[in-house]
Amino acid sequence: MAINNKQTEATTQTKHNPTLAALLSIIPGLGQMYNKRFIKGSVIFVLFAAFMIAMFDFLSSGVTGLVTLGVEERVDDSRVFLSEGILSLIFITFFATFYVLNILDARSDAKKLQMGWKVPGVVEGFRNAWDTGFPYLLVGPGLFLLIFVVLFPLLFMGFLAFTNYSLYNAPPRALLEWVGFKNFIDLFTITELRGTFLNVLSWTLIWTFMATTLSIALAMFLSILVNDPRLKFKRLIRTVFILPWAVPGFVTIIIFTALFNDNFGAINADIIQPLFGTAIPWLTEANWTKVALIMIQVWLGFPFVFALFTGVLQGISSDWYEAADMDGATRWQKFKFITFPHLMFATGPLLITQFTFNFNNFNIIYLFNGGGPPVRGQSAGGTDILISWIYNLTFTNSQYSLAAAISIILGIIVATFAFFQFRRSSSFKEEGQY
Amino acid sequence: MASQPMSRKTKNTLELVVMYAVIAVMFVIIIYPLLWALGMSLNPSSNLYGASLIPENWSFVHYEWLFTNPRSNYLTWYKNTLIVSLSVASVGTLLVSFTAYAFSRYRFKGRTYGLYAFLLLQMFPVLMAMVALYILLNTIGLLDSLLGLIIIYIGGNIPMNAFLVKGYFDTLPKELDESAKMDGAGHFRIFFQILLPLAKPILAVVALFNFMNPFMDFILPRIILRSPENYTLALGLFNFVNDQFSNNFTRFAAGAILIAVPIATVYLFLQKYLISGLSAGATKG
């Protein structure tokens, strides 16, 4: 009552009550009708009613299915229950959002009415609806695809991590059950599994760090070298240096697999054996495979960074260097205080994406040696990184739940990384205003 | 003191020699594997034993086999890849430009959450959810079909590309659409007649990436496509070397050269635009 008094004091307007409008909207559309927007109200009511009638059975069976994951063995397929359950959850989220929006809409319209606002005519009302709805119309198709192609599978994977889906317990033969955090606990308590996980994780981190840093270092060295004004044929040199980026990666990786072949690959036969009199077991000794992988990734990865750096170098004003020359700066000082900061400032966020790219660089690991050589007693090969191990667990060992649990861990690592990256990137600071 | 300019000159020459030497070594490291593959593709035998860079009796048998042998699916794969690439490039780019336009020009409820969701989703590799994709396509009957592949490519590319295009739209002055709105242009007219033509460079880059990707990706097709007549080029070629019983590296080399040469040419010619597109995507979003 106190609030009402205050409002009547402040604005001696109509007695239209926003709270009542919001309360009426618990039945969608009724609040809008109270606001005398009858067309809008009835459209909302019909839409909600249609949704409820059409979807209620699907949603309720979906949710119960998600809880039970099927009752009758060999009849119920738990995977179908799981996916229908997730779809129901997505629909319910949408429904809840629209429901809340409907209440908020009724309330805000009622507030405006209270302040003496006139209900717009039919034509204007439609125009307003078109104006506010237009961005949603634009985003709609993309969002729809995104939900089904990216969000839904990720959620499915997330839920799978808490079930017992494996080779021995696979639908449609058997029913899945919720097992809570068992897969995660197994990963850290079963000795072999923990050993494998730690091996793979540490190699993933070493791989990411080495492959990326070395490509950046090589790119920096070469771009500064080629930028030297005394050098001729710059265009030709830059074109050749960009070549590894231009050729499709999977082709070059397969070529390298053949070149590095232990027995008849050109690298052993033509270079290593004549020089050192012995062959290097590139594909059968894990440490040598790792060395080869890093070398190949540097070959594949440096050209893009090289092109970026070259662009930056050409943009650095020569004034900087002339001033440094006047002060008698050495070459190292010029690099340290002028070139390096310029390069890092201009390309920092891009270099971070190079790290995330290599962290999930499935192609090279899988194509070069299939994550091998195999290691006795573990499901991951000697050079498997997390993403390729997940692939093996899924498609070779059918350890679906375990793979899903590792995926979640991988996702958390990636998301943390992304979070820090975008907190720092300037464009999001600008975005903050909206 | 008189020897000073002289020694600087020798130092200069020496430096240049070292620089050219480094570049020459890099040239060899870069070009050798590529030339070797070219040599392989012209090698009439099918295995790698005793293969040398320049084959003694070179021939085009592998190229011929790819195009004329009734057991070769090469042309079908080419057609499949073109279908996938063209659909992803056209539909995908259009969808992305819609999304990017909304995020760039409209301030609507849920916009910030949407942006964050896009950012987060673009970090997760589609590969992470492969089991789910497999099961999803299986339930709706799109497994082993190009349509399923197309849908996943389009959907999976949306977050990253939307940011790329949004970043570009953000740089176009808002006065343009505001003045058009004054003149009574509708939402669609502003979009199609004013902003879209201005955003051509970035749309071309996105379309090109979308077009190229199916030529180079083998892993998603490998999960989705089962029958050889539905393969894309990358998957088909991969199976040439992956198949344990008919491992045929030289045939792979011939098929690979045929797609690597056009792709590399496009990349080299358009490198400036592609690299600026890629860097814009990462810095702007």
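Helices (H or I, at least four residues) and strands (E, at least two) are DSSP runs, numbered from the N terminus. With that in hand, the structure can be toured chain by chain. This is a predicted model, in which local features need pLDDT of at least 70 and side-chain atom pairs count only at pLDDT 80 or more, while totals for chains, interfaces and linings use all residues. Residues are numbered from 1 along each chain as its sequence is written, and chains are lettered from A and ligands numbered from 1 in the order in which they are written.

Chain A contains 18 helices and zero strands. Its radius of gyration (taken over C-alpha atoms) is 31 Å, well over the 22 Å that the globule rule gives for 434 residues, so chain A is more spread out than a compact globule. That rule is 2.2 Å times the number of residues to the power 0.38. Along the principal axes, the C-alpha atoms of chain A fill a box of roughly 95 × 75 × 35 Å. Two residues are in contact if their C-beta atoms, placed from the backbone, lie within 7 Å. Of the contacts in chain A between residues at least 6 apart in sequence, 64% join residues at least 24 apart.

An unreviewed UniProt entry lists several stretches of chain A as "transmembrane region", among them residues 136-162 and 239-260; positions are given in the numbering used here, feature names are shortened, and annotations may be inferred rather than shown by experiment. Residues 136-162 of chain A are 93% helix and 0% strand, with end C-alpha atoms 34 Å apart. For residues 239-260 of chain A, the figures are 86% helix and 0% strand, and the end C-alpha atoms are 26 Å apart.

Burial comes next. A residue is buried if 20 or more other C-beta atoms lie within 10 Å of its own, exposed if 12 or fewer, and partly exposed in between, with C-beta atoms placed from the backbone. By this count, 36% of the 434 residues of chain A are buried. In helix α10 (residues 249-259) of chain A, 10 of the 11 residues are buried, so this helix is largely enclosed by the rest of the structure. Its buried residues include A:Phe250, A:Ile254 and A:Phe256.

A:Ser398 sits in the loop between α16 (386-395) and α17 (400-424) of chain A. Its phi is near 55°, a positive value in a residue other than glycine. A:Ser398 is partly exposed, with 16 other C-beta atoms within 10 Å.

How confident is the predictor? pLDDT expresses its confidence in each residue, from 0 to 100. The mean pLDDT of chain A is 83, and 94% of its residues reach 70 or more. Among the elements of chain A, helix α1 (residues 2-10) has the lowest mean pLDDT (45) and helix α8 (residues 191-226) the highest (91). Over residues 1-12 of chain A the pLDDT is below 50, and this stretch has one contact beyond near neighbours in sequence.

Turning to chain B, an automatic or database domain assignment divides it into domain 1 (3-63) and domain 2 (73-284). The C-alpha centres of these two domains of chain B lie 35 Å apart. In chain B, 10 residues of domain 1 are in contact with eight residues of domain 2. On the side of domain 1 of chain B that touches domain 2, α1(B) gives the most, with four residues.

Terms used: pLDDT is the predictor's confidence in each residue, from 0 to 100.
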